[in-house]
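Keep the structure open as you read.

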Amino acid sequence: MYRVLSFSALSFAIKFVVGFTLTKLFAFFLGPSGLGLLGNLKNFTQLLASYGTLGMQRGIIRFSSEWKDHSEKMASLVGTLHVIFGVFALLGGGLLFLFSDSLSVLIFGGNDYTYVFKIAAVVLPMHGFHLMYFSLLQGLGNYQRVVGVEITMNLLNLSLTTYLVYHFSLTGALVAVVTVPILYFGITTWKLSKSLKLFRFLWSYDVAKNLGLYTWMSLFSSITIPVVYIMIRNRITFTLGADHAGYWEAVNQFSFFYFMVLQSLVLMYVLPNISANTDLLYFRQQVVAYFKKLMPLFLIFLIGLYLLRDTAIWLMLSDDFNPVRDLMGWQFMGDFFRAATLVLVAFFHARRMILSYVLIDLILSVSLLVLSYSFLAEFGLIGAVQAHFISYVLYFFATLFLLRKVLFSSIHE
């Protein structure tokens with residue numbers, strides 16, 4: 001695990017610098033209300049990414065990891081993926097373009113930004129293929145190449161977004177969010193083509209069927225969580241004002257930065273390994289290593305960030321975002337339980353436990369939405385982060401309960 005972390009150290013540093021710079025840029029040029037609007041678009045692009053990959057990313061990682069030494073199976077995997085992604089990308093892009101006016105009203109409350117969704121419609125196929133190629137890279141297990149791609153993508157994102165925001169403010173930020181996948185598509189295509197013969201169009205029913213199981217698992221959470229976040233953000237805007245939605249988005253930005261690193265670790269290391277090794281004892285060893293080696297470091301990081309929250313807000317945001325300091329304690333406590341659950345949830349993907357995975361994500365989605373709405377009415381903005389904390393505590397213990405036999409029963413039972 002530490003070997004993977006060492007590969008990721010430079011990537012983490014660059015992600016931090018890029019994330020810091022962009023957040024500072026958004027805070028300075030857009031203010032709290034603009035940051036809230038941008039958050040809605042980011043959640044919508046998450047929906048597009050989920051549709052573009054049909055929730056198959058973890059399945060792609062698993063099968064490419066298992067079949068990387070079997071050329072015929074890899075050819076079937078890549079060829080089948082091209083057929084599936086090509087059909088759904090063209091269909092989704094057409095529908096997105098057709099309903100761009102309605103989506104602008106739904107996401108932004110007006111049709112001033114219809115053009116953003118038309119651009120997204122054109123970019124959607126490239127977005128989906130980029131995510132598919134990047135998942136294949138992760139499954140092949142070349143951590144140095146994966147980290148190199150991540151670094152390049154972050155630098156390209158920084159360059160394009162900085163230029164557009166500096167010259168066009170909010171409009172530039174929105175356009176950057178929906179166009180940056182074009183650059184990502186170029187770099188992942190180039191890198192993966194060095195390892196695989198990419199442009200295959202084959203069809204394997206068995207491969208499609210196996211990947212389809214991951215669609216049922218991942219697509220539910222990939223759609224529900226962004227929708228829930230959009231609904232909560234719109235509720236905050238309606239009840240408390242656009243600036244408060246920006247404060248809530250700002251505290252979520254802190255979480256976004258460090259969870260990129262944690263999720264990358266699970267996707268690059270834990271998931272491929274527990275997929276290839278079906279021994280329950282091995283999974284328990286991975287869980288123990290995660291909780292012994294990583295979680296204490298993460299806890300220390302969260303405590304330090306909380307103690308230095310005034311400095312962090314000053315550095316990353318601006319004085320306009322000072323109310324965020326009152327939200328960070330509840331947010332960070334919830335993030336600790338969220339991080340603790342990551343390694344456990346990987347088991348559902350590795351063993352394709354569809355019902356269990358959908359159940360815990362349903363618990364998370366419903367609790368986030370219901371508690372946020374209720375607590376916003378009762379406690380104001382801090383209620384939204386209190387709901388975040390309680391929801392992820394429920395999420396963690398629900399996952400433990402579903403995995404109780406896997407984690408705690410005798411191996412020989």
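Y205 is exposed, because its relative accessible area is 55% and the cut-off for exposed is over 50%. The model is predicted. A search of the whole structure finds three salt bridges.

- Y205 belongs to helix α7, which covers residues 205-239.
- Y205 and S76 are 129 residues apart in sequence. In space, their C-alpha atoms are 9.6 Å apart.

**The E249 and R233 pair**
- E249 forms a salt bridge with R233. Their closest N and O atoms are 2.7 Å apart.

**The network around R325**
- D310, R325 and D326 are linked in a network of salt bridges.
- D310 pairs with R325, and the closest N and O atoms are 2.6 Å apart.
- This pair links distant parts of the chain, 15 residues apart. D310 sits in helix α10 (residues 309-316), while R325 sits in the loop between α10 and α11 (328-351).
- D326 also forms a salt bridge with R325, with the closest N and O atoms 3.8 Å apart.

**Exposure in the network**
- D310 is partly exposed, with a relative accessible area of 43%.
- R325 is partly exposed, at 28% relative accessible area.
- D326 is partly exposed, and its relative accessible area is 48%.

Definitions and conventions: Residues numbered from 1 in each chain as written. Predicted model: local features only at pLDDT ≥ 70, side-chain atom pairs only at ≥ 80, totals over all residues. Heavy atoms only, no water. Helix = DSSP H or I, 4+ residues; strand = E, 2+ residues; numbered from the N terminus. Buried < 20%, exposed > 50% of the residue type's maximum accessible area, 1.4 Å probe, protein only. Salt bridge = Lys/Arg side-chain N within 4 Å of Asp/Glu carboxyl O.
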